[in-house]
Amino acid sequence: MAVVSWKEILLLTGLVVGCYWNSLSCGFVFDDVSAILDNKDLRPSTPLRNLFLNDFWGTPMAEERSHKSYRPLTVFTFRLNYLFSELSAASYHLFNVVLHGVVCVLFLRVCRLFLDKTSSLVAALLFAVHPIHTEAVTGVVGRAELLSSIFLLAAFLAYTKSTGADHSIVWAPIALTVVLVAAATLCKEQGITVVGICCVHEVFVAQGFTLPMLLDTLRQVLQGKDGFPYAVLQTLLKLIVLIISTLLLVIIRVQVIQSQLPVFTRFDNPAAVSPTPTRQLTFNYLLPVNAWLLLNPSELCCDWTMGTIPLVESLLDLRNLATLLFYSFLALLAYHSLRYRHSSAKTVIMALSLIVLPFIPASNLFFPVGFVVAERVLYVPSMGFCVLVAHGFKIVSHLKKISWLMIGVLLTTHAVKTFNRNWDWESEYTLFTSALKVNKNNAKLWNNVGHALENQNNYAKALRYFLQATRVQPDDIGAHMNVGRTYKNLNKSKEAEDAYLVAKSLMPQVIPGKKYATRVAPNHLNVYINLANLIRANESRLEEADQLYRQAISMRPDFKQAYISRGELLLKMNKLTEARDAYLRALELDRTNADLWYNLAIVNIEMKDPSEALKNFNHALELNPRHKLALFNSALLMQESGELGPARSCIEEVNS
């Protein structure tokens, strides 16, 4: 195996820096907000063990709203970033750029296994600049792809050393491979697919088998003419070890998510809830869509959910031709690579394994995922694509001037596109407005531009985007909620109530005595909270507001915010016992909320129970020693009880 020279490392590193240096000026956008800004697992005050108990977004794995994405090693690197620079976005982006450079160097090492020196460098250069990678590199949450890819490539390189000079099995590299596969999986789930890539390499490259040879060997064994050849037995032993290790990882992974799939809605992935054959036709059509993004990354979009890609509902839909063409081309490549033993066939089979196997978990073909298309999941499959392009370059390399001109133009245009695409990730407003230029049929994008404007307190302009979202997707509950909230911010209560009522009408009907289990995003339940909070400003409609809170609780008995809001309302209605019960129920769900203990203490005061109130104020202060309202009110209680010293200390703390 040819080594990678320092000149090649510097060339790749320089190219990565040249394409991505402007990403350092980008902020936290889109999913970065949930994974970084809102994720308490990054804070030093949070125990490290929480990284292994919570999902990628900091939500406990046991909760229904959990995304079930288990990536503790990736979150650990975010935590390291926070330790050194807290929430300085530049350091997070710099770390991603460095990781992408490392992936490029490792990829070059892998390419040297089945491409010549020049072609492998072409593949690595193309991978370094391909615009499809901007989401994985410039989007901070894309670090999961980068880290997983590093361990994936390292695992594959380790496995290639598992055969000794005398064709014996070397177990140390296999053991290292298993460890690296586990690490890749702890960075992102698709890391486990490297086992399949190792199996393909072992059978068709290391052992040099072809599909006809394998079938012939199997036929002879079944006919009793001969036993398994020694080489085949060795290969089977190695593969069995890999497969058993993989199954153990899968079992552990299933246990971690507690055998539950995440909750996705029809807005996340419309085809997933569509009937046959719409579901199958659409999911298969998404394969050529992804292939086209690799071939022609001219129009990139950060979000492909909702109505971005209309469903393929009929066999007569012309888009089915693209599906047929894609499968035909894939079959031809597979036929070429599995039938022959020459080096070209081995290169193609490894390229196909890099394209197909890592993409399977995101393909929707075997189980639904929470997106239609996501550019970040093409990070590893693009490696196989780059190998195919480089192999094609090798084939036409006798046309020296033309072949180098074509590669030069390809690398230049891709590098420029990548550099310009990075600017789209500068802020949420620039990201989502750029996405709307590509696709205007995704209500989520209109909503997200509205949110960006809302964060700038530009409510009038935000309202226009939210209203457009309701026109694009009339049954989008979240869009109507956004309209209602914006009208409220514009002090248009009547219009706000009308919008909330439309959103409420789109919610599934409550069935008395049955737990709410419909697959609707949990945050949609906030429509009851928002509507109740709006109408309770009218003293004559307090009972109506209470009914809405109770309706939300009947749909989700673990809906903490409904208990909190209802407790506030019941206190206002002077229903003290019910208010206390509401807060106690909320505390059963979350005992770490200082505001909840404070609210319960206020109810205790109204119920003439100062000792219980003081105890609950103390609970609040244990959780948040700077809780000024708890300090002030506990000081008043201590003054009334004659404890002047402690009361004075509390007042001094408030004033400080």
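The centres of domain 1 and domain 2, taken over C-alpha atoms, are separated by 43 Å. The contact (heavy atoms within 4.5 Å) takes 15 residues from domain 1 and 16 residues from domain 2. In the domain assignment of the chain, domain 1 covers 263–396 and domain 2 covers 434–655; such bounds come from an automatic or database assignment. The model is predicted, with local features needing pLDDT of at least 70 and side-chain atom pairs pLDDT 80 or more, while totals for chains, interfaces and linings use all residues. Residues are numbered from 1 along each chain as its sequence is written, and side-chain values use heavy atoms, leaving out hydrogens and water.

About 1,300 Å² is buried between domain 1 and domain 2, and carbon and sulfur atoms give 59% of this area. Buried area is the accessible area (1.4 Å probe) that two parts lose on being put together, summed over both.

One salt bridge is counted between the two domains. Lys444 forms a salt bridge with Asp303, with 3.1 Å between the closest N and O atoms. The term requires a side-chain nitrogen of Lys or Arg within 4 Å of a carboxyl oxygen of Asp or Glu.

His414 lies in helix α16 (residues 400–424), helices being DSSP runs (H or I, at least four residues) numbered from the N terminus. His414 counts as buried because its relative accessibility is 8%, the limit being under 20% relative accessible area (1.4 Å probe, protein chains only). Leaving aside residues up to four places away in sequence, His414 touches Leu126, Val129, His130, Pro131 and Pro297.

Conventions: Helix = DSSP H or I, 4+ residues; strand = E, 2+ residues; numbered from the N terminus. Buried < 20%, exposed > 50% of the residue type's maximum accessible area, 1.4 Å probe, protein only.
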